[in-house]
Amino acid sequence: MQFKNIVIPSVREMKYLSLSCKAKSPIILLSNTDIGNLMSQVNYVHRHGKQAFAHLELIGGFAPDIAGMKLLKNMYHLDGVFTTNIQAGNMAKSLGLIVVYRFFLIDSRSLKRTSEILRKNKFDAIETLPAYCAIQEFADLQRLGNGTPFIAGGFVRDSRMVAKIFAAGISGITTSKTELWD
């Protein structure tokens with residue numbers, strides 16, 4: 001999966017699902033769903049030629065164990081996941097799902113801890129939150145990622161911030177701001 005200057009719609013409210021599928025992004029992030037409506041949402045996204053990703057920690061009624069991960073892959077036909085759960089991310093990866101590891105950059109200790117996680121695990125992309133910190137620390141983050149694409153998320157509120165993120169060299173952005181979905 002190529003993450004190259006894309007703004008990934010993060011759909012928190014289903015009333016915006018159809019709008020998200022009109023965006024240029026090849027990926028739609030379902031960031032507030034549950035197991036009762038996930039299948040219909042994934043099918044909708046696929047009918048529009050997009051890849052469906054879900055935020056693991058925000059799927060209501062779901063447990064990120066091996067049985068749950070197999071369901072996401074084989075029954076719900078998700079293409080990928082965003083997660084802060086290292087074990088769930090590795091399970092998803094072993095099943096062939098695209099995995100974006102999310103981490104919160106709040107201080108130098110979180111950067112050091114993430115460095116260890118990235119050294120021991122291989123994910124398809126890394127999302128750093130909040131976006132402002134991703135911009136400020138991107139040089140260090142790049143060294144940690146060993147060529148893994150970075151995505152910035154959290155507090156992406158306007159087009160100026162989008163421009164700053166891409167100017168810093170970050171590959172993608174997640175945002176729930178519909179006016180930024182282009």
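1. Helices α5 and α7 are roughly parallel to each other, a label given to angles under 35 degrees, while angles over 145 count as roughly antiparallel, 65 to 115 as roughly perpendicular and the rest as oblique. The helices span residues 108-120 (α5) and 138-145 (α7), and they pack at an angle of about 25 degrees with their axes 9 Å apart. Axes are lines fitted to C-alpha atoms, for helices over the stretch in contact, and angles run from 0 to 180 degrees between N-to-C directions. Helices (H or I, at least four residues) and strands (E, at least two) are DSSP runs, numbered from the N terminus.

2. This is a predicted model, in which local features need pLDDT of at least 70 and side-chain atom pairs count only at pLDDT 80 or more, whereas totals for chains, interfaces and linings use all residues. Residues are numbered from 1 along each chain as its sequence is written, and side-chain values use heavy atoms, with hydrogens and water left out.

3. Which residues form the contact of α5 with α7? Leu111, Ser115 and Leu118 in α5 meet Asp140, Leu141 and Leu144 in α7, contact meaning heavy atoms within 4.5 Å. By class, this contact has four nonpolar, one polar and one charged residues; Ala, Val, Leu, Ile, Met, Phe, Trp, Tyr, Cys and Pro count as nonpolar, Asp, Glu, Lys and Arg as charged, and the others, Gly among them, as polar.

4. The strands β1-β2-β4-β6-β7-β8-β9-β10 form, in that order, a closed barrel of eight strands with parallel pairing. From one strand to the next, the twist averages 25 degrees. Two strands pair if DSSP finds at least two bridges between them.

5. Helix α4 (residues 86-94) packs on the sheet, where it touches β6 and β7 (98-104), and its direction makes about 165 degrees with that of β7. Helix α5 also packs on the sheet, touching β7 and β8 (125-129), with a direction at about 160 degrees to that of β7.

6. Strand β4 (residues 51-55) is largely enclosed by the rest of the structure, because four of its five residues are buried. Buried means under 20% relative accessible area, exposed over 50%, and partly exposed in between (1.4 Å probe, protein chains only). With strand β2 (residues 27-30), β4 pairs in the parallel sense over four bridges, and Ala52 is the bridge partner of Ile28. With strand β6 (residues 80-83), β4 pairs in the parallel sense over three bridges, and there Ala54 stands opposite Val81.

7. Strand β6 is covered on both faces: Gly80 and Phe82 on one side, and Val81 and Thr83 on the other, are all buried. Strands β6 and β7 pair in the parallel sense over four bridges, with Val99 in β7 as the bridge partner of Val81.

8. A cis peptide bond joins Leu129 and Pro130, with omega about -10 degrees. Pro130 lies in the loop between β8 and α6 (131-136).

9. Where does Asn5 lie? Asn5 is in the segment before β1 (6-11), and it has a positive phi of about 50 degrees although it is not a glycine. Its relative accessibility is 43%, so Asn5 counts as partly exposed.

10. Asp182, likewise not a glycine, has a positive phi of about 45 degrees. Asp182 is placed in the segment after β10 (172-175), and at 55% relative accessibility it counts as exposed.
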